[in-house]
Amino acid sequence: VIVVPEDDFIGFVDSNSRTTLAMSLAVVAVAMILAALLVRQGLRGDRMLRAMLQLGHSARRQTAAFATLVTDRTLFDPREEAPPHALTETLVEIADARRASLWRLIQGGQAMRCEDSYDRDSNGHVNGLELSRSEAPRFFARLAAGEEIESEDAGRGPHTGEVYRIMMQPLGSHSLLAVPVRHEAKVVGAVWLEDARAVGSARDFVRAVANMAAARLRIAEPVARFSQAAVHVATRPVSAEERNWSTELAPDRIAADDSASVAVMVLQLSDPAACEYRLDGSGAILADSLVSELQRLAAERDIAYLKMLGHDIVAAASCGRTDVGVMQRLADTALAARDMCAQLFEDAGLPPAFRIGIECGSAGAVQVGREPRLFNLWGEAVRTASAMAASVMPGAIQVTESVHRMLTSDFLFRPRGSFYVPRVGAVQTFILASRL
């Protein structure tokens, strides 16, 4: 019997089976890889197609938006006083942003004023907000250099931290894109987008709108400007009626029994040299024109008490604890006084050396002395209003928490933080920005 190993006859079959299996697995793997690549390419093509369709849709929207903006002849007119609502609404729609706003540089670049801000969530517009360079120096420095400012987390950004704390955090915004508005190589303002989700596709559109907005912002503060006749008002003779109104107050206007609640505004002039500056053309000193304009503003709003004490100008009116109307008139007077003073100082080429404070509280009001008796006003409301004016940044209006509660439904405020008032303690203060 001859014995032969089985592998010598059929071993190659087993070996070929393993080789065939390995090759089959390799072929399957290659086929799966090729199929995955084919699927990936198909998905990539679908994404590219969707991106192209979205880009085309975005381009059509931007073209339609450009057509709408261009056909509105008053939108970029520097003499137009109405806020540019269509501009900010269009920016919100195109960039899918939560809020869009147009800002104007004022006071020689020392502050910014909001021409209009549109909030998509509330579908509301506000204007008149102000931001001082002293509040956000790094933001102003970069903007003045003509650089765009973009931050996904504005609270942690090196140039946007102060802006976030003052302007964005109270409203719940997080990201910011600020595009400078230039006119003849000079930055005259900025376009802001907050929480914009389509910045990539809308960036060129925002830049184009910023270039278009330069036509509107090329003239500094057209709304706040007043005629030369208003500046010359100080040079005309003052009537006896006006003289009596500005220096003496009828006792029944702020009576002792109403002294528990008196609305007081204090406007402090912090630079004596600036007050003596002579205006070009009229020859009147700046303080003379300023006080004359304040007399006019107070008379228009029925603010009975107005006196100048050194470098402080005090205005007051009797105000019951629930009499919001008087506080509204005083706040309107303060806003008009702020705009008028800012314009006077800017026309004179001077920094805004004025501050305004408002308080509503207890005060004493009585006639004293011999004939002719003098009307005097004193008390906590006067001291607190003076403290509010002394502690705020130049060109701004600071109010107490009690004033904020009375006016919060009709005026726009920015919280400023806690402030220590002597004999009162720490109080919450707010910056009065504008009317709603």
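I'll start with Ala 185, which sits in the loop between S6 and S7. Helices (H or I, at least four residues) and strands (E, at least two) are DSSP runs, numbered from the N terminus. Before going on, a word on the source: this is a predicted model, where local features need pLDDT of at least 70, side-chain atom pairs count only at pLDDT 80 or more, and totals for chains, interfaces and linings use all residues. Residues are numbered from 1 along each chain as its sequence is written, and side-chain values use heavy atoms, with hydrogens and water left out.

Ala 185 is not a glycine, yet its phi is positive, about 65 degrees. Is Ala 185 buried or exposed? Ala 185 is exposed, at 79% relative accessible area; buried means under 20%, exposed over 50%, and partly exposed in between (1.4 Å probe, protein chains only).

The loop between strand S6 (176-183) and strand S7 (186-194) also holds Glu 184. Its phi is near 55 degrees, again positive in a residue other than glycine. Glu 184 counts as exposed because its relative accessibility is 70%.

Now the interior. A nonpolar core here is a set of buried Ala, Val, Leu, Ile, Met, Phe, Trp, Tyr and Cys residues joined through side-chain atoms within 4.5 Å. The largest has 47 residues, and among those with the most contacts inside it are Leu 267, Leu 290 and Met 327. Helix H10 (residues 324-347) gives the most to this core, 13 residues. There is also a second, separate core of 30 residues, including Leu 91 and Met 212.
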